[in-house]
Amino acid sequence: MTHTPEFTEDQLEAGRLLFAKPWTFVTSVADMRQLPASVGVEITFAGRSNVGKSSLINALTGRKDLARTSNTPGRTQMLNFFAAPETGMTLVDMPGYGYAEAPKSMVDAWTALVFSYLRGRPNLRRVFLLIDSRHGIKQNDLDTMQLLDKAAVVYQVVLTKTDKIKPTQLSALLDATADILRKRPAAFPTIVTTSSEKGHGLDTLRAEIANLLER
Ligand code: GTP
Ligand code: MG
């Protein structure tokens, strides 16, 4: 059974055009009181630390250094907002959760920020919940899903770093992930697979995002 989304040529083209626009950095936010006005369509990239959130934003926009990435988990420490003004869409890069090496006070602060944003952002249209293909869904991902289910915020799983696993492993992981998602009320049924490194799945994810603007 297939779990991945399928798009028409027109939808893929809409995605390509959306991400050919000039995307720029808007602001960084460390505190809920600093959030920019809740206007337009906002989407956000959430997931464990080091899963590849910032890399995916760079790959989608074709901008190498739009979002800062790192080998060291815990690179992104604030909510970073990016926009292409003429599109009415904002992308948000979030700090990762589950980074055990950072001081507890810092981790608690990031987690509180991420969770309060996810719970209470009126124009948040969809959360892309990134899962590292090598690891699959972990307990803290399930915690995030539970929060999103409760807040009725739609989330879609993106399996990242698919260049690191074999096609047979990916296929088994897709089945296992779909099984978990089937039981979750706010989970989007299809799963996107990506490699920011090799460019795999970016056209599909761009189309998925462009589709959100059209509804
Ligand atoms: P935090 O901001 O710390 O939460 O991390 P993040 O989720 O933003 O991850 P980031 O994009 O900084 O990437 C973490 C590491 O994974 C970097 O060394 C990236 O080069 C690597 N990486 C990201 N995407 C891919 C991918 O598709 N394939 C491979 N092989 N490596 C990747
Ligand atoms: Mg990051």
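Student: How are helices α1 and α6 oriented to each other?

Tutor: Angles under 35 degrees count as roughly parallel, over 145 as roughly antiparallel, 65 to 115 as roughly perpendicular and the rest as oblique. In this predicted model, the axes of α1 (residues 9-20) and α6 (residues 202-214) come within 7 Å and cross at roughly 90°, and the two helices are therefore roughly perpendicular. Residues are numbered from 1 along each chain as its sequence is written, and local features need pLDDT of at least 70.

Student: Which residues of α1 make the contact with α6?

Tutor: Contact means heavy atoms within 4.5 Å. On α1 the contact is made by Q11, L12, A14, G15, L18 and F19; the α6 side includes I209 and L213. The residues of this contact divide into 8 nonpolar, 4 polar and 3 charged.

Student: What is the order of the strands in the sheet?

Tutor: Strands of a sheet pair through backbone hydrogen bonds, either parallel or antiparallel. Two strands pair if DSSP finds at least two bridges between them. Here 7 strands form an open sheet of mixed pairing in the order β1-β3-β4-β2-β5-β6-β7. Strands β1 (24-29) and β7 (192-193) are the edges, each pairing on one side only. Parallel strands β6 (residues 155-160) and β7 are joined by 2 bridges, and L159 has T193 of β7 as its bridge partner.

Student: Which protein atoms are donors of the magnesium ion (ligand 2)?

Tutor: Donors are N, O and S atoms within 2.8 Å of the metal (3.2 Å for Na, K and Ca). The magnesium ion has S54 (OG) and T76 (OG1) as its protein donors, 2.0 to 2.2 Å away. S54 lies in helix α2 (residues 53-61) and T76 in the loop between α2 and β3 (79-84), so the pair ties together parts 22 residues apart in sequence.

Definitions and conventions
Chains are lettered from A and ligands numbered from 1 in the order in which they are written. This is a predicted model: local features need pLDDT of at least 70, side-chain atom pairs count only at pLDDT 80 or more; totals for chains, interfaces and linings use all residues. Side-chain values use heavy atoms; hydrogens and water are left out. Helices (H or I, at least four residues) and strands (E, at least two) are DSSP runs, numbered from the N terminus. Axes are lines fitted to C-alpha atoms, for helices over the stretch in contact, and angles run from 0 to 180 degrees between N-to-C directions. Ala, Val, Leu, Ile, Met, Phe, Trp, Tyr, Cys and Pro count as nonpolar, Asp, Glu, Lys and Arg as charged, and the others, Gly among them, as polar.
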